Amino acid sequence: QKYLPSSTLLSSMTSIVAVIASIITAASGISMVDQAPKQTVVMEHPIRVIPPHRDAFRRTAYSIYYLSARICWNTVHHLWKDLSTISDDANAIDWVWSCIALSYAIKYFLPRDRDVDWKNGNTYVFVVPMAVGLTADALFQLPI
């Protein structure tokens, strides 16, 4: 029977508590999104920059959910691998996790014409880099 050092358990528990706190904070903020201004004009020239506050708040919450799931997965997966002697199930579970992460990234992070204004500079400064980074992260979850 394998045992983990207390420092590993403490850091793992701290990570899980941080994940729970982040999810609760993001979820409580989502209920207030409709109270925020829809958008604010920051700049008209030389490019038009109009941050869509409500969409940005939602996108931020989706990012927090994704990153919290990643932290939780990394923590639990690491502990499970340390304690487990069976590796066949781990590969299947890795594939399930990575497919869920990639599906989530595609659904919530990839900009769609109905969701973004491609004439708005804000889209290229915040939305596109965020989508690229988080979707690439999800692709790196694939166990290939």
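Q: Let's start with Val42. Does it count as buried or exposed, and what makes it so?
A: Val42 counts as exposed because its relative accessibility is 58%. The cut-off for that word is over 50%. Keep in mind that we're looking at a predicted model.

Q: Where is Val42 found?
A: Look in the loop between helix H1 (6-30) and helix H2 (53-83).

Q: On to charges. How many salt bridges does a search of the whole structure find?
A: The search turns up 4. To call one, you want a side-chain nitrogen of Lys or Arg within 4 Å of a carboxyl oxygen of Asp or Glu. Take Arg58 and Asp34: their closest N and O atoms are 3.3 Å apart, and they form a salt bridge. This pair links distant parts of the chain, with Arg58 in helix H2 and Asp34 in the loop between H1 and H2, 24 residues apart.

Q: Which residue forms a salt bridge with Arg58 at 3.9 Å between the closest N and O atoms?
A: That's Asp55. Asp55 and Arg58 are separated by about one helical turn, because they sit 3 residues apart in helix H2.

Q: How do I read the accessibility of Asp34, Asp55 and Arg58?
A: Go by the relative accessible area of each residue. Asp34 is exposed at 54%. Asp55 is partly exposed at 34%, and Arg58 is partly exposed too, at 28%.

Q: What about the salt bridge where the side chains of Arg70 and Asp137 meet?
A: There the N to O distance is 2.7 Å. Arg70 is in helix H2 and Asp137 in helix H4 (residues 121-139), so to speak a link between distant parts of the chain, 67 residues apart. Arg70 and Asp137 are both buried.

Q: Which residues do salt bridges that share partners join into one network?
A: Asp34, Asp55 and Arg58.

Q: Now the inside. Which residues make up the largest nonpolar core?
A: A core is a set of buried nonpolar residues joined through side-chain atoms. Here the largest one has 10 residues: Tyr66, Trp73, Trp97, Ala101, Leu102, Ala105, Phe109, Leu134, Ala138 and Leu142. The elements giving two or more residues to this core are H2, helix H3 (88-108) and H4. H3 provides the largest share, with 4 residues.

Q: What is Ala101 in contact with, leaving aside its neighbours within four places in sequence?
A: Tyr66, Ala138 and Gln141 are the contacts of Ala101.

Q: How do I describe a pair of aromatic rings?
A: You give the distance of the centres and the angle of the planes. The structure holds 7 aromatic pairs. In one of them, Trp73 and Trp97 are stacked, at 5.3 Å centre to centre and 15° between the planes. Since Trp73 lies in helix H2 and Trp97 in helix H3, this pair ties together parts that are 24 residues apart in sequence. Both Trp73 and Trp97 are buried.

Q: And Tyr104 with Phe109: stacked or edge-to-face?
A: Edge-to-face, with 5.8 Å centre to centre and 75° between the planes. Tyr104 is partly exposed, with a relative accessible area of 21%, whereas Phe109 counts as buried at 3%.

Q: Which residues do ring pairs link into a cluster?
A: Tyr62, Tyr66, Tyr104, Tyr108 and Phe109.

Q: Where is Asn122 found, and is it buried or exposed?
A: Asn122 is found in helix H4. Asn122 counts as buried because its relative accessibility is 6%, and the cut-off is under 20%. Not counting residues up to four places away in sequence, Asn122 touches Arg48, Val49, Ile50, Pro51, Pro52 and Val127.

Methods: Residues numbered from 1 in each chain as written. Predicted model: local features only at pLDDT ≥ 70, side-chain atom pairs only at ≥ 80, totals over all residues. Heavy atoms only, no water. Buried < 20%, exposed > 50% of the residue type's maximum accessible area, 1.4 Å probe, protein only. Core = buried A, V, L, I, M, F, W, Y, C linked by side-chain atoms within 4.5 Å. Contact = heavy atoms within 4.5 Å. Phe/Tyr/Trp six-rings, centres within 6.5 Å; stacked < 30°, edge-to-face > 60°.
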